Amino acid sequence: MNLVDSLYKLWQSTGIANFIQPVDPNITNGFEQFLHQFGSPIMIVVCLFLLWLGIKKQFEPLLLVPIAFGGLLSNIPVAGIAEPTGFLGIIYEFGIHQGLFPLIIFMGVGAMTDFGPLIANPKTALLGGAAQFGIFGALLLALCVFGFTLPQSGAIGIIGGADGPTSIYVTSKLAPELLGAIAVAAYSYMALVPVIQPPIMKFFTTKAEREIQMTQLREVTKREKIVFPLVVLGLCIIFLPDACPLVGALTFGNICKECGVVERLSDTMQNALINIVTIFLGLSVGSKLSADQFLTLQTLFILILGILAFSFATAAGVIFAKTMNLFSKNKINPLIGAAGVSAVPMAARVANKVGLEANPQNYLLMHAMGPNVAGVIGSAVAAGILLALCN
């Protein structure tokens, strides 16, 4: 091999020579040919934008930053970082494809969650259930209007639960080819809860309804807090075993928190373990942000359906709370119905903020935490239904 051939081989191994792919004669569509040739540079720009959103705008930075950086790494030419034998490919197979990372995160969520407000006012669990309407409404739209398959529709619908780990878990089982778009949509809309929810909440309520003050919640005993996760898991075992991986992880984390004898385990789940897994989860999800999977018309449809699912869930929770007031002596503020989505505790804080705007004496945070934590359970149950329905 002469010097010229050696230099040419060296050139061919550089990123500059491989960023733009050669024309593929088998691709006849001009737009598809453009994406084939320039997909990697475009996706690097997209990932830099997501990184900017995470750092500058603080849109769920704990996950959006590693997702965006994982996307950058996966679009580096030649390196093969996202290939099955690459760094991100190995992490993805181990943690996402096998469903491990979302379950560990659910353990951490359980260890950080106080089910006391839900136990003190159990009827607010109905609001968490009502908010899951957004999941199944989006599923029907995706299936009947946008032409997605049933498994893909189920994966898209779960965005309405506003629960990132659940969205990743369900998508990895039903439609892994949509994982990048669904993960970005789920976490983006979770970050936009303070922007998306208030207009919907105000549209469906009157000022008088937003001013409703609720009585102080009763004190919940330690025994009740220990028994509650066991009861939830027991009901899941009886009625919906498909949801047991998520519900089991959630209730295990919670019982470690409440029992008071394994503080070290609870602290590890709340801090070190969930942080480590969040890093790997974000990077491996980002490995699916390749041009051929993300730069499609399907991604646009997913973003549209995601915002509709989240809006439907918010509206359903508020409307169901108003309906409950028709049959209840002790009125509840309909704003807490919007907290039935699984974005804990952000949705509860938004309900409290809108309530304070209507009435400066109206403190709804603890009341809103009831449907908020019910939404966590509800999204896990909805995930089990989708897995049983669509698999």
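In the predicted model, Val227 is partly exposed, with a relative accessible area of 40%. This residue lies in helix 15, which spans residues 222-239. Val227 belongs to a nonpolar surface patch that also includes Val231, Leu235, Ile237, Ile238 and Phe239, and the patch has about 600 Å² of accessible area together.

The side chains of Lys225 and Asp114 meet at an N to O distance of 3.3 Å. Asp114 is partly exposed, at 27% relative accessible area.

Seven salt bridges are counted. One of them joins Glu211 and Lys207, whose closest N and O atoms are 2.4 Å apart; Glu211 is partly exposed at 31% relative accessibility, and Lys207 is likewise partly exposed at 47%. A further salt bridge connects Lys257 with Glu258 (3.0 Å, N to O). Lys257 is partly exposed, with a relative accessible area of 28%, whereas Glu258 counts as buried at 10%.

Thr205 occupies the loop between helix 13 (193-203) and helix 14 (207-210). The residue is buried, with a relative accessible area of 8%. A polar atom of the Thr205 side chain lies 2.6 Å from the backbone oxygen of Met201. Beyond residues up to four places away in sequence, Thr205 touches Arg210, Val318, Lys322, Pro334 and Leu335.

Helix 21 comprises 26 residues (365-390) and reaches 36 Å from its first C-alpha to its last, close to the expected 38 Å. Of these 26 residues, 20 are buried, so helix 21 is largely enclosed by the rest of the structure.

Note on methods. Residues are numbered from 1 along each chain as its sequence is written. This is a predicted model: local features need pLDDT of at least 70, side-chain atom pairs count only at pLDDT 80 or more; totals for chains, interfaces and linings use all residues. Side-chain values use heavy atoms; hydrogens and water are left out. Helices (H or I, at least four residues) and strands (E, at least two) are DSSP runs, numbered from the N terminus. Buried means under 20% relative accessible area, exposed over 50%, partly exposed in between (1.4 Å probe, protein chains only). A polar contact is a pair of N or O atoms within 3.5 Å; within protein, one must be able to donate a hydrogen and the other to accept it, and residues adjacent in sequence count only if both atoms are side-chain atoms. Contact means heavy atoms within 4.5 Å. Patches are made of residues with over 30% relative accessible area and no salt bridge: like charges are joined within 9 Å, nonpolar side chains (Val, Leu, Ile, Met, Phe, Trp, Tyr) within 5 Å. Accessible areas come from the Shrake-Rupley method with a 1.4 Å probe; for residues, only the protein chains shown count as cover. A salt bridge is a side-chain nitrogen of Lys or Arg within 4 Å of a carboxyl oxygen of Asp or Glu. The expected span of a helix is 1.5 Å times one less than its number of residues.
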